[in-house]
Each structure stands twice: as C-alpha cells, then as structure tokens.
Amino acid sequence: MTEDAIRAQFGIDLNSGESLKVQLQEKLYRFVRTVPPGTRLPPERELVETLGISRVTVRNALVPLYEEGLLLRNSRNGTRVAPRSQPAAPQMGAFHQMALGTPWLDNPPVKLRFLLFENLPSQKLFWESVIDDFNQSQLECIIEPVWLPNNISSNDMLDYLVKNPVDIFLFSSAFARELPQVAQELPQSLKNIKSDPQFLTELIQAVDCELFDYLVPLAFSDSSTFWNEELAEKCGLKDVAARIQRGEQLQMIREALPYLPEGCHAADHIWDYVAHQGLPDGSGNLDFLLPVLKELADLRSAGPAFITEQKHPLEAVERFVAGRQLFLNTNITFLNMFPAPKFHWSYQPFCSLEGHNQINGFVGIAVSRSCADSAPAVKFIQHLMTDASQQKLSDIRNIYPMRRANYEKFAIRKFGFSRPQIRHYLETRRFFCYPDGRNEEFLNFMVYQVRQELKKMMDGSYTPEKALEVIRKKWKLKSSSR
C-alpha cells in the first residue's frame, strides 16, 4: 500500500480533540469490515512513519482487533484480515439483560492484568497476600498477576509492555524517562499523595521530575549495614547499632581485625562503602571523600578489612551468609536471595557523612495506557496504600512503607530510632529516579568505575590524595561528556 493510500485509509487529525489511538482504531475497524479476508495490513513501521504517530499508539490501537480475532499476525506473511466466521449461536451477552426480563443477572467482574517482576520468595508472598485481600474485599474486579519472564531484562521491559498489553505494572527505573509512553497520567486522587502528610511526601517532593505524575511509590529500600552478631561478640564489639548510627563502622573494623577468625573479612567490597558516603554538591566537588580515603588507607596494614577485587556480583553477600564476613553494606533484597544465615544478624541504615544525602530505590506502580477502565486499577492502588497493606510491606518484605505511620512504627521497632532520628533520616534521603540523573550517575560511577584506584590505594601504590586526584579527573571527564 502506497503512502497516499495509507493516508487515505488511515489518516488521522493530529489537531482533533479525540485521541490518536481512538481515531486510528476506528479506521482499522472500518478497514477490516470493508476489505476481503486475507488483505494485508500495512506494517506497523509504515503506519508510524506515514501517519506521524508513535509505535505505542499504533500497537495500542491494534490490540482489540487481535483480541477479537479480526486480524491475524504471521511473522512471514505479515498481519492480514482474518476469515469471517459463520454467525454463532446467540449468547446471553449479545442482548441487554433487561430485554430478557431478567435485570437481576450479574455482570462478570472486570479482570485486570498486573505485571510483576518481584518474584523473590518474600516479595511473591507479599503480592499474593495483598492481591488476595483485594479480590476478596469487593466484587467489581479481579486482579490477575502476570509474572515477567526471567529472560526479559530491565532494558527490554518497555518493549515487552508494548507487545504484551497489561492494565497495571510495577515500575522499573530502567525506563523512567519513557514512562509517559506506556503509563496513563494519574488521576488527581492519586496525585494528591504527593502532598498528603499521611505519606512520606518529603521523599517525593525532593525529586524534581514528572515521574510521580505517572506512578505511585508504594515503598522504598535503603543501603544498610548488616553485621554478624556472633562474630561481633567474638571480636569484643559492643553497642554495634548505636555505633553504626554514629558513623563508627571503620573504627569497629579496626578494633575487630586482630580477633577475626582466619579466612574472614571485616567488610565487603570497598567501593560499596565509599559510594554511599554521600553525593557531591552542585559544583561536583569531591573533597568530602578525602577524609574517608585517609581512614581506609590507615587500615592497610591491619589485616583483611575490605574486599578489593570482585569474583562475582554477589560475592560479598555470599561470604556474609556463610559467616565469613563481619559487616555487609547492601540492600536487604540481596540478602533475601540466599537461605537465611545460621547465625544471629541485625542491620541499621547505612550512615553517610554528615550533611550528605543518599539515594534510595523504591517500588512504584503505574496504570498502563492499554488499560481500558482505569477506575478499578486506581481502586487497587488505593488499596495498596492502606494501613493494612503498608503494614504487610514491613512485616513480610522488611521494606520501608510509604505510609508515615507504618514507616515510623517500622523504624522504631527495627532500628530503635527516636522521632528526631526519623526526621533526620528522611531529610537525607532522595528517591532514585532517572538512571542518567546526576546523583544516580555519580553513585554508579563510584560503584563501577573507581575500583582500580581504590585497589591501588589499599595496596600502597596510591596515596589517598593521588587516588582522589585520579577519581576527580575521571568524574570531571564523565560529567563533561553528558
């Protein structure tokens, strides 16, 4: 089909008040009703380029025609109009129930497909529990979980959402900037969460981006310092939780090194410790790292303090779970990937340098653009923000709820925080949003691109000043290439 023929058959008005998807859908229905079966539909790429609309719009417009069997997709022959079937026997749904004199007939509940990728045991238990609670609490709709295949990476999730329409989906920061392409803008009732004091609004308002017009944050996670209580006792360490809150992890490592059993490390990868010390100011000044590097260099002759080379990404977690590491700085999600340790352990939020912020990951949920009826989807999201559902986040998943009362209860019970400590903690946290944002980019830079400099410092090849000089040059080079 030529470009002129495509415009004549499927042309849409970009200035119309009607959505592009609806306009195209009407033209597609007219096309399949008026052409012979087997007629080939122009490829999606040609529709996109000729009509000047997005691939997402084209695919969303095609979805109901595929579902109704009006179009057949074939990788070799393209998309063609399906053969017309013989008239079927009348179905109850073909007539209005009042025409049959039976106005009491029940309408079937709406089914909403919910795409999830959190399938660790504790995560799955939480989602199954809250979905079951919601499905039993009302009769209008049923949430059906759809688990993302393990072979679909975060980079492929956007394309997966386009090809496999769902109604609701978990957010991944991997496609944060593209979120408006696949998610509906939230109704005002959900946007109000950003200013509702019942929720941790300071974490949302600290982020200057449009992300939260399209998703609701349900919970957040944090880098924490875990410790083996039995090893700590053998090394004579006391009041570990309070000392972590005061930022004394390196002092405790120094005290513990003479008493660690053979084959044990005091802490995990050195870059994880350095990366979470804080974020640079607007000018990109990294001088705040020098005292940290000097303290680390002072440990060089004391024993196996930090791991300076990586065998595999989960090496440090594996060592900790096996009882061969005193401290571990990570997210609790990684610990949940392994069987529970056979020793007593505890944890506290990682203590950054005074006056510096940390980036937190979070769990968010969005309504898909392919969701035909967003009202029940909104109702489900509101259910997830209730006291009962938010409490399950901390009880089942050990993750921080967004509802203020539930978070405060968790922080007091788990960490022994006072109200002033809770307030200080929240003031120093920021949500991880765009992967290429300045703060997120710095965190990734420190975790992945300064390992050789830190290793050279710990083996004595670099002084702390030299290590910082090289790190500063690399960061400046990376920043200038943005």
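Here are some friendly questions and answers about salt bridges in this structure.

This is a predicted model, where local features need pLDDT of at least 70, side-chain atom pairs count only at pLDDT 80 or more, and totals for chains, interfaces and linings use all residues. Residues are numbered from 1 along each chain as its sequence is written, and side-chain values use heavy atoms, with hydrogens and water left out.

Reader: How many salt bridges does a search of the whole structure find?
Author: Side chains of opposite charge can pair when their charged atoms come close. A salt bridge here is a side-chain nitrogen of Lys or Arg within 4 Å of a carboxyl oxygen of Asp or Glu. Searching the whole structure for these gives a total of 23.

Reader: Is lysine 191 buried or exposed?
Author: Lysine 191 pairs with glutamate 185 in a salt bridge, 2.4 Å from N to O. Buried means under 20% relative accessible area, exposed over 50%, and partly exposed in between (1.4 Å probe, protein chains only). Glutamate 185, at 46%, is partly exposed. Lysine 191 has 16% relative accessibility, so it counts as buried.

Reader: Which helix holds glutamate 469 and lysine 473?
Author: These two form a salt bridge, with the closest N and O atoms of glutamate 469 and lysine 473 3.4 Å apart. Helices (H or I, at least four residues) are DSSP runs, numbered from the N terminus. Glutamate 469 and lysine 473 are four residues apart, so about one helical turn separates them, and their helix is H23 (residues 464–480).

Notes: Helices (H or I, at least four residues) and strands (E, at least two) are DSSP runs, numbered from the N terminus.
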